[in-house]
Amino acid sequence: MSTGKYWLGQSAWSATRLRLQHELTKTNFNNRLLDPAIALQKENLTIADVATGTGAWCLDFHEKHPDNTIEGLDVNLNEVPPKKWLPGNVSFHYLDLLKEVPEEFVGRYDIVHMQYAVLFVRDREVEGLLGTLMRMLKPGGYLQWGEAHPLQYIFHAAEGKEKAPAARRLHDLQSQIHPSAVENWTYLDNMPARFQAAGFQDVVFVQPEPKPSTLQPIMMNWLWALEEGFEGVVGRFPEKREVLEVSRRLREGEVMREVRELGVGLDMRMRRCIGRKPLATE
Ligand SMILES: C[S@@+](CC[C@H](N)C(=O)[O-])C[C@H]1O[C@@H](n2cnc3c(N)ncnc32)[C@H](O)[C@@H]1O
């Protein structure tokens, strides 16, 4: 069952897909969970991973830095690992980022991390969302927000970029299926300006070239997400059934043939933006 505007599946398979996506994302950022611009190197920090999904980022971070307190926050806690697997300083809690932030989360965190929120964040929500994330931070705390750009995907084939016509056609069809999203993702092109407008300082933007080893698995991850989301999207937009069917046939036929024969891979145009909450004295 999907929650609110988020329509991808919520199952052990979807948790596995998100874990794979997390690993591939990390690879593209030189295996860094946090950008080196985040100057808080001491332990005993309190860190939030918002829209945490499976909680993979929290547990991965804990395995590398076990002396911090890590809280994964989401509107759906069905995908996080069972409580008895969790270390004592990792926990998961309900938080709806699009509503007023409850008092217990205000000024609580040294670092707030968020990754892949694009499916539920439209342009008009960004200002309020950045305000919420700012409120959650302690003075001097850091926000790191990572996204891909679903409208700027680049398909690589073994012979070079943009040589995968069926994959590109499938991508174009996705924009017809979600036209409202297309109108509402301009913030992805100007994240630093949006951070600055929200009052963040020391803003850093990073957009790495993808590592070749990630291209094909990221392509398969995308196709898997489309398959996973198919029923949910049909349920939500019944009038789009026809275009969805065309897209399904293309995905299962021509696109898979291109993947097999041309070695098609996907560059999702991953990016991270980092900003710091001003110190109270500034
Ligand atoms: C694509 S998943 C990303 C999960 C995780 N950050 C990752 O990188 O694997 C998006 C997550 O956003 C959550 N979400 C959707 N709407 C939300 C909201 N209003 N507040 C908080 N989380 C939300 C979903 O439940 C889902 O877990």
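Modeller: A definition comes first: helices are DSSP runs (H or I) of at least four residues, strands are DSSP runs (E) of at least two, and they are numbered from the N terminus. The structure under discussion is a predicted model.

Colleague: Which feature does UniProt place at residues 47-141?

Modeller: An unreviewed UniProt entry places the feature "domain: Methyltransferase" there. In the model, 24% of the chain over residues 47-141 is helix and 28% is strand.

Colleague: Which residues come nearest to the ligand?

Modeller: Of the 23 residues around the ligand, the nearest are Ala 51, Gly 53, Asn 76, Leu 97 and Phe 120. By class, this shell comprises 12 nonpolar, 9 polar and 2 charged residues. Helix H1, residues 12-28, supplies the largest share of the shell, with 3 residues.

Colleague: Which residues make the contact of H1 with H7?

Modeller: H1 contributes Ser 14, Arg 17, Leu 20, Gln 21, Leu 24, Thr 27 and Asn 28, while H7 contributes Ser 213, Thr 214, Pro 217, Ile 218, Asn 221, Trp 224, Ala 225 and Glu 228. By class, the contact of H1 with H7 has 6 nonpolar, 7 polar and 2 charged residues.

Colleague: At what angle do H7 and H8 pack?

Modeller: Helix H7 (residues 212-236) and helix H8 (residues 241-262) pack at about 160 degrees, and their axes are 11 Å apart. H7 is therefore roughly antiparallel to H8. Their crossing is left-handed. From H7, Met 219, Leu 223, Leu 226, Phe 230, Val 233 and Val 234 meet Arg 241, Leu 244, Arg 248, Arg 251, Val 255 and Val 259 of H8. This contact of H7 with H8 has 9 nonpolar, no polar and 3 charged residues.

Colleague: How far apart are the axes of H4 and H8?

Modeller: The axes of H4 (residues 165-177) and H8 are 9 Å apart, at an angle of about 160 degrees. H4 is therefore roughly antiparallel to H8, and the crossing of these helices is left-handed. On the H4 side, the contact includes Ala 166, Ala 167, Leu 170 and Leu 173. The residues of the contact of H4 with H8 divide into 10 nonpolar, 2 polar and 4 charged.

Notes:
Residues are numbered from 1 along each chain as its sequence is written. This is a predicted model: local features need pLDDT of at least 70, side-chain atom pairs count only at pLDDT 80 or more; totals for chains, interfaces and linings use all residues. Axes are lines fitted to C-alpha atoms, for helices over the stretch in contact, and angles run from 0 to 180 degrees between N-to-C directions. Angles under 35 degrees count as roughly parallel, over 145 as roughly antiparallel, 65 to 115 as roughly perpendicular and the rest as oblique. A crossing is left-handed if the near helix is turned anticlockwise from the far one by less than a right angle, and right-handed if clockwise. Two residues are in contact if their C-beta atoms, placed from the backbone, lie within 7 Å. Ala, Val, Leu, Ile, Met, Phe, Trp, Tyr, Cys and Pro count as nonpolar, Asp, Glu, Lys and Arg as charged, and the others, Gly among them, as polar. A residue is near a molecule or strand if its C-beta atom, placed from the backbone, lies within 6 Å of it. UniProt positions are given in the numbering used here, feature names are shortened, and annotations may be inferred rather than shown by experiment.
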